[in-house]
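Here are my notes on this one, as numbered points. Have the model open while you read.

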Amino acid sequence: MLVAADKFKGSLTAVQVAERVTAGLRRVVPDVEVEALPVADGGDGTVDAAVAAGFERREVRVAGPLGEEVTAAYALRGTTAVVEMAEASGLQRLPAGVFAPLTASTYGSGELLRAALDAGARTIVFGVGGSATTDGGAGMLSALGARFLDEDGEPVPPGGGGLADLARADLSGLDPRLSSVELVLASDVDNPLTGPKGAPAVYGPQKGASPDDVDTLDAALAHYAKVLEAAVGPRAAAYAAAPGAGAAGGIGYGALLLGARFRPGIEVMLDVLGFAPALERASLVITGEGSLDEQTLHGKAPAGVASAARAAGKPVVAVCGRLALPGEALLRAGIERAYPLTSVEPDVAKCMADAGPILEDVAERIAGDRLV
């Protein structure tokens with residue numbers, strides 16, 4: 001039995017989901033063998049998943065999205081690092097109810113990457129998602145040695161809004177170690193940088209951007225790409241249109257400029273976490289996340305787990321807080337059945353508040369259906 005589930009956002013971490021499912025299964029079959037492999041798709045919780053899989057947690061002081069100092073973590077095993085941009089530049093780093101769509105910066109994410117380089121990383125999995133920022137990765141690049149200057153030769157203000165004042169970009173001072181490192185951009189988002197499907201239009205409103213802010217950010221990022229094209233050539237324009245450029249407020253674009261290779265986040269993380277050998281040992285896979293919905297089918301962790309398990313001929317069931325997919329959609333994704341918390345407790349607020357005990361009850365049902 002392999003429990004490979006993502007977090008229940010706002011209720012349980014992926015590690016806690018695995019613990020609760022295991023406890024529920026063992027209420028019915030005390031000696032059942034359960035292997036826990038918490039998973040993530042590159043967004044928040046990615047470092048925790050790596051640490052649960054045996055990576056060492058490293059903490060460093062970096063700039064938060066508003067410039068204040070925060071303690072952020074990355075994960076390291078040998079010469080492979082897992083860096084999660086949300087640790088430094090995520091929405092959870094903003095005070096409750098505060099958004100800064102025009103001024104939030106990814107500078108701290110660049111500091112995290114630099115810390116991984118300092119620790120000797122030769123391969124860096126850069127998980128992006130859950131960002132508070134829409135700065136096209138300019139802050140990250142600045143932390144790594146790039147310079148973004150206005151007409152007077154002064155640094156432009158932080159955040160996507162400040163890029164409207166950009167007159168010149170200088171990438172010659174980028175950390176030279178970046179050229180000899182394998183950088184993998186891990187994301188479940190394949191949007192371009194700008195336009196109707198770009199970072200500002202699609203994700204800006206989630207970060208507090210008004211319609212006017214979205215227009216401002218989209219124009220500023222398009223201008224940013226133009227200035228970068230003058231600095232580094234046509235590849236800057238090609239990267240702006242590439243899948244993943246719009247990930248996490250355009251930090252994907254900055255990563256592509258650094259030579260990153262874009263891969264779906266869950267695929268990368270399954271490789272890094274050692275999913276394949278764990279799958280070989282499993283007779284049944286239990287995956288899941290807080291809400292199984294249409295987004296799940298587009299690169300989220302449960303879909304990636306189910307796809308890999310189906311290819312290996314292993315049956316999959318899912319746990320979730322809320323189920324918003326019909327049975328046929330689940331089957332197409334490789335999930336035989338889903339067990340939502342709402343099947344035990346119809347009140348969604350109670351499900352979120354008491355997710356742990358209710359999930360144990362749900363796992364008892366799975367054990368009754370599949371193990372007895």
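1. Start with proline 192, which sits in the loop linking strand 9 (182-187) to helix 6 (199-203). Helices (H or I, at least four residues) and strands (E, at least two) are DSSP runs, numbered from the N terminus. This is a predicted model, where local features need pLDDT of at least 70, side-chain atom pairs count only at pLDDT 80 or more, and totals for chains, interfaces and linings use all residues. Residues are numbered from 1 along each chain as its sequence is written, and side-chain values use heavy atoms, with hydrogens and water left out.

2. Proline 192 is partly exposed, at 22% relative accessible area (buried is under 20%, exposed over 50%, partly exposed in between; 1.4 Å probe, protein chains only). Leaving aside residues up to four places away in sequence, proline 192 touches several residues, including Lys197, Ala240 and Gly246 (contact means heavy atoms within 4.5 Å). Tyrosine 253 is 61 residues from proline 192 in sequence, yet their C-alpha atoms are 8.3 Å apart.

3. Now the sheet: six strands, open, mixed pairing, in the order 3-4-5-6-9-10 (two strands pair if DSSP finds at least two bridges between them). Strand 3 (56-63) and strand 10 (261-264) are at the edges with a single partner strand each, so one side of each has no neighbour in the sheet.

4. Strand 4 (residues 69-77) and strand 5 (residues 80-84) run antiparallel, joined by three bridges. Arginine 77 stands opposite threonine 80 in strand 5.

5. Helix 9 (residues 247-257) packs on the sheet and touches strand 6, strand 9 and strand 10.

Key
Axes are lines fitted to C-alpha atoms, for helices over the stretch in contact, and angles run from 0 to 180 degrees between N-to-C directions.
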